[in-house]
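Me: I'd like to learn how to read contacts and interfaces in a model. Can we take it step by step?

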2 protein chains.
Amino acid sequence: MSSWVQIPKNSDFTLYNLPFGIFKSKRLSPRAGIAIGDKIVDLSVLHDEGFFSDITLLPEGIFLGDSLNSFIGLGKQVTRKIRERVQDLLKEDQEKLREHQSRGKAMVNRKEAQMLLPVKIGDYTDFYSSIEHATNVGTMFRDPDNALLPNWRHLPVGYHGRASSIIPSGIPIHRPKGQFKDPDMEKPEFGPSRRLDFELELAFVTGKSTKMGDSISTEDAEDYIFGFVLFNDWSARDIQAWEYVPLGPFLAKNFASSISPWIVTLEALEHFRVENPKQEPEVLPYLKCKKDHGFDINLEVYIQPADKKATKVCTSNFKHMYWNIAQQLAHQTSNGCNINIGDLYASGTISGKSPDSYGSMLELSWKGTKPVVLEEGGERKFIEDGDTVIMTGFCEKEGIRVGFGEVSSQVLPAK
Amino acid sequence: MSSWVQIPKNSDFTLYNLPFGIFKSKRLSPRAGIAIGDKIVDLSVLHDEGFFSDITLLPEGIFLGDSLNSFIGLGKQVTRKIRERVQDLLKEDQEKLREHQSRGKAMVNRKEAQMLLPVKIGDYTDFYSSIEHATNVGTMFRDPDNALLPNWRHLPVGYHGRASSIIPSGIPIHRPKGQFKDPDMEKPEFGPSRRLDFELELAFVTGKSTKMGDSISTEDAEDYIFGFVLFNDWSARDIQAWEYVPLGPFLAKNFASSISPWIVTLEALEHFRVENPKQEPEVLPYLKCKKDHGFDINLEVYIQPADKKATKVCTSNFKHMYWNIAQQLAHQTSNGCNINIGDLYASGTISGKSPDSYGSMLELSWKGTKPVVLEEGGERKFIEDGDTVIMTGFCEKEGIRVGFGEVSSQVLPAK
């Protein structure tokens, strides 16, 4: 499938992808778009020009505004139709848009656009679904012989995070301050975190809501999932170690989480679906799956010190996850907890088996004992001021590529 | 201070209180009101009739709509003026409203109104700030000799909860289902919780936002706090015990939290301010307070079985809290976490020293070993289907009473 839009080699935004996002520019107010190559299709322009005239799109101005929530809320039937219509219009042999007088207005240069958060996020959950990550953390901090806690293989462990501090790629963050007490310190101290870390994650966005008291089965779960973004769950390890008992991570995480701005739809990922991993012991009935819910998504993390080249520090894959998205959503709602359109559900750190596939500095540097060497000199145990952390994700199979772009954020000194 | 509105004896809604809420009725769309006696002052009517003509209230229709967020966002200078204006208008000797042709329209019977959530809640944090509660839990589940964890006296422990499932008083909840594994069970099971509990809490609502990276000092904290509501942090103890390591409570809590619908302002509580408790060891500088931030608020919990009389099971007081609201907000933002208007910050279970002041069934029945006897027969270890849990709160001093009304919710069988 090729397009009349020129798509650079290795572009994440092929005609097979067509992710949704919210952008603005110097002359354009926030609005919904679809990425294709180095361009953005301005959906409001296509709508105005009548390209969607056979599709019911209410309320007025559904593509104008600073979130996709209303649009996503129209349901998969509608969002799929829009994506397929745009796919049709962009195909090489299709002249309708290519030769249309509005083409210049409809196709915005990505370079000239600023990407915003794609959705207004109501609630955000962070799972802990990689067995390699949970095992690594358990080995480092608890008991190598009993690294996984007793509940881990029975349910997708998760907790609620802070929605207010989720930001799109490109926005720098300040190193958080906080309270910490290392084992060798007599008293806790307050100051800039000395062990700032990233966590490589993916997050899915829900596109359908439930009422309180209702649950979603694993079988129905994907009807509620609109798509995925890359997710950097920034973490301050020293703050976390001191604060997290008994109620879990709080200030160690809630200062910032960065996401990639383009939501890659489940439809675009369909081609890259892979088998669920074997779960042992057998899970309870409400967590059993009839379908495969894993996806083969290549993930990479780079650290770029100020004024230096980036070094790839991690090569992982989403297919490593023990718990899948259908199980996560079934578990989240198994008690009747209601979900809303635009909620975010992050996977937890995505680590693989090999040491270069670990999805956090905590694991890559093994608690700071094995510094990671950078290409242009220097090394890192954790993230330093001035460093930019860049995460990328893409699927590739049989010549088809579907990617996420990147989530990138620089760390500035503590305020 | 007395009013031309008849205020029943022991009413929580005196002329000294004047809390804000959102109500609707058969003929009225959702709108902002102030409670007085058995009436609600419809603020939109007073606004239309020009009673606030000297106060800038933008955008148009600020009192119409389903949340107080925009109004609260105008700042304390404005919200205080409105409250004081209404107080003036309601005073016994004031004829302006009493004799006004719009009086009938402006004064709605509380009985005819349905109370909604007062704010659109962005994020919700639950603290753990009662030393008696934390000690009780630590004694039951860990080590009576080291009941408090090492961090507890150094920071107000807290975690993020679920905003989507916070509901106003009066809405019944379904008993949650979930996974649990008691120590005597070989494998986990899934089913209706067998240990459903309440937690008696107060929550403050923020009225001012911050930017990411900024912190609030304890000295400035109250500028950011609009007022308080009663908060029932429903908890499923069996689910909690199995799921909470290492990331904290999740499904044990997020199925529902009930709040009282009237936000009692800090101004109304001023008269009941009490000294901060002594904190030992000394806290870090960012948690030190120059002012007192405690309030003498009497709290009660009742259990009412279906078709029976209610039994009071707990008599507690907010003044028992070890960590105060200024410390909680300073801690929450100490890492640069941004806050929004309408966020909710709950105190954690408010237990006192005596066994009848414990704020949860877990403590009152001491893990189910000492059932609580009900007045019309029967006993409770935890909450049973059909039970209504009612929490009330009020301040009383020198003949002045300021109260919260109640938060009441019935437990229906699992769905």
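Me: Which residues does B:Ser235 touch, not counting residues up to four places away in sequence?

Reply: Some ground rules come before the list. This is a predicted model, where local features need pLDDT of at least 70 and side-chain atom pairs count only at pLDDT 80 or more, while totals for chains, interfaces and linings use all residues. Residues are numbered from 1 along each chain as its sequence is written, chains are lettered from A and ligands numbered from 1 in the order in which they are written, and side-chain values use heavy atoms, with hydrogens and water left out. Contact means heavy atoms within 4.5 Å. Here B:Ser235 touches B:Arg195, B:Leu196, B:Asp197, B:Glu199, B:Gln240, B:Ala252, B:Lys253 and B:Phe255.

Me: Is B:Ser235 buried or exposed?

Reply: Buried means under 20% relative accessible area, exposed over 50%, partly exposed in between (1.4 Å probe, protein chains only). B:Ser235 is buried, because its relative accessible area is 0%.

Me: Which side chain joins that of B:Ser235 in a polar contact?

Reply: A polar contact is a pair of N or O atoms within 3.5 Å; within protein, one must be able to donate a hydrogen and the other to accept it, and residues adjacent in sequence count only if both atoms are side-chain atoms. The partner is the side chain of B:Lys253, at 2.9 Å. The side chain of B:Ser235 also reaches the backbone oxygen of B:Asp233 at 2.9 Å.

Me: Is B:Glu282 buried or exposed?

Reply: Exposed: the relative accessible area of B:Glu282 is 59%. Its side chain makes a polar contact with the side chain of B:Lys288 (3.1 Å). Sequence distance is another thing to check. B:Glu282 and B:Arg153 are 129 residues apart along the chain, yet their C-alpha atoms are separated by 8.8 Å.

Me: How much area is buried between chain B and chain A?

Reply: The size of an interface is often given as the accessible area lost when the parts come together. The cut-off is a 1.4 Å probe, and the loss is summed over both parts. Here the figure is about 5300 Å², with carbon and sulfur atoms giving 61%. In chain B, B:Arg162, B:Leu247 and B:Phe250 lose the most area to chain A, together 15% of what that side buries. Each chain puts 57 residues into the contact.

Me: How many salt bridges are counted between chain B and chain A?

Reply: A salt bridge is a side-chain nitrogen of Lys or Arg within 4 Å of a carboxyl oxygen of Asp or Glu. The count is 6. One of them pairs A:Asp214 with B:Lys415, the closest N and O atoms being 2.9 Å apart.

Note on methods: Buried area is the accessible area (1.4 Å probe) that two parts lose on being put together, summed over both.
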